[in-house]
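This report examines local features of one protein model. Please consult the sequence and the structure alongside the text.

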Amino acid sequence: MSRYIAAIDQGTTSTRCILFDRKGNIISTSQKEHEQIYPRPGWVEHNPEEILENSFEVVAIARIKASASAHDIAAIGITNQRETTVVWNKRTGKPYYNALVWQDTRTEDYVTALEKDGGADQFRAITGLPVATYFSGLKIKWLLENVEGLRADAEKGEALFGNIDTFLIWHFTGGPKGGIHVTDVTNASRTQLMNLYTLEWDNAMLEKFGIPGAMLPVIRSSSEVYGYMKSEVLPDVPIAGDLGDQHAALVGQVCFNPGMAKNTYGTGCFMVLNTGNDLKISKNGLLTTLAYKFGDQPAQYALEGSIAIGGALVQWLRDNLGLIKDSKEIEALARTVGDNGGAYFVPAFSGLYAPYWRSDARGVIAGLTRYVNKGHIARAVLEATAYQTLDVVRAMEQDSGIPLTNLRVDGGMVANELLMQFQADMLDVQVIAPKVTETTALGAAYAAGLAVGFWDSIDDMKANWEAGAVYKADMDNATRIKLYKGWKKAISKSLDWVV
């Protein structure tokens, strides 16, 4: 009898494999980073073949660490960095170009042209998304128009598009020798090419962006058997779960009821509110997206607030300024001061995402005086994440009509107690981290396990969830209002930099 589910968590900076048991406990884990490629300012790329190789490696190591054979693994679930765009040749399996990462802004000229011709919200009614550099559709358009020979191959059906989930599944299930070309509804909803109502590729969007439909994968549910692993690392194990990373975190946090919300603090920050069967088109700068779809059950929808720079700002402080040597050092540095000293850091390195959607914004540090030192800068870096989250929460409450009562949190930055306490203070609600914090991988495991009967129902998953750290608000309202007013003023200074 199989004992574990394997979850592959393919993120922006690294790839991990985690084995989970039926209680949702971590049995073993393996992780490997991949190169971040910056050819020009605003351009961000990954090598898809490096990611594929790393994925095979971490699966093998996680299995070996657990002394598990393929027979011990009931299924494989995949979760991935969304919007990151790969196009490869179906005969060779080779990418035509590096993957264009979700943070990449090279499609800015397309965005500007579309905003002038129809406005930023012209596709919301179909896709739930504003015009932005963020999503996959315009990235595909750029590749088709800038990579020699690609459009001709795409028209002939020889070039395949996928986000990282699709690229991995295709290679895992045979690649050029019969690989399965699929994605799930959550990843498809982030391309700006899927119709939210039909859950199919929208012909009008394909025509608008000039994308041949033959390139696109088949859209499937988030929880079903797509195919079987052909590699010797886990031969013949079913691949049965596929979720974009933030949707997977929502599932891992068992936010299955409408009104439940989670925020993931990673490279970026992503807050997702389950709206159930109710598809809500945002009027306040949020994204309407799929929450998940399990097998033949009805699709569940969500509102999402996407923040481009969260933990990446800490990395920037480490790598670009050298104020810290390790990301974990930022909390100690920030604790050397009692407050931000009047300094605010708006990390609009690639524009502002939700709820502003301003591609013309750029990063600023505001409110500097001779009094401000590196401790204040470190604190401003952490506080930026909490302020951006508060922006999203306020928009979410307006769109949904549901006041936030608590926030379930996960991701690497949750280990930072100073940030989590400040987040609770600014939101004025409890911030709750689960006992098992690897919720993104756990969500992928749940989707795969549900498809093969490893878990019988979502009630089994709910029973696994336990609260870990709980942070309660401890700030007077006058201070909260004053701090947020300063943040909004700093935001205003970040706008209109790109003309």
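## Helix 2

The face of helix 2 turned away from its buried side carries Asp-109 and Lys-116, which are exposed (over 50% relative accessible area, with buried under 20% and partly exposed in between; 1.4 Å probe, protein chains only). Helix 2 comprises residues 108–116, and its buried residues are Glu-108, Tyr-110, Val-111 and Leu-114. Because these four cover an arc of only 155° around the axis, they sit on the same side of helix 2; the arc is taken from the directions from the helix axis to the C-beta atoms. An α-helix has 3.6 residues a turn, so residues three or four places apart point the same way.

The buried residues of helix 2 pack against helix 4 (136–146) and helix 8 (203–209), where contact means heavy atoms within 4.5 Å. After helix 2 comes Gly-118, with a positive phi near 120°. Helices (H or I, at least four residues) and strands (E, at least two) are DSSP runs numbered from the N terminus.

## Basis of the model

The model is predicted: local features need pLDDT of at least 70, side-chain atom pairs count only at pLDDT 80 or more, and totals for chains, interfaces and linings use all residues. Residues are numbered from 1 along each chain as its sequence is written, and side-chain values use heavy atoms, with hydrogens and water left out.

## Cavities

The structure holds three cavities of 30 Å³ or more. A cavity is a set of points, on a 1 Å grid over the protein atoms alone, where a 1.4 Å probe fits but cannot get out; lining residues have an atom within 4 Å of a point. Grid points are joined across faces, edges and corners, and a volume is the space filled by probe spheres set on the points. The largest cavity contains about 90 Å³ of space. Its lining includes Val-111, Glu-115, Tyr-353, Trp-357 and Arg-358.

The second largest cavity has a volume of about 70 Å³. Of its 14 lining residues, Ile-307, Leu-352, Tyr-353, Ala-354 and Gln-388 are the closest to its centre. Strand 18 (300–307), helix 12 (374–400) and helix 16 (477–493) are the elements that each give two or more residues to this lining.

## Thr-288

Thr-288 belongs to strand 17 (residues 287–292) and counts as buried because its relative accessibility is 1%. Beyond its neighbours within four places in sequence, Thr-288 is in contact with residues including Thr-127, Leu-196, Lys-280 and Ala-302. The side chain of Thr-288 reaches the backbone oxygen of Lys-280 at 2.4 Å.

Definitions and conventions: A polar contact is a pair of N or O atoms within 3.5 Å; within protein, one must be able to donate a hydrogen and the other to accept it, and residues adjacent in sequence count only if both atoms are side-chain atoms. On a 1 Å grid over the protein atoms alone, a cavity is a set of points where a 1.4 Å probe fits but cannot get out, and a pocket is an open set with protein on both sides within 12 Å along at least five of seven lines; lining residues have an atom within 4 Å of a point.
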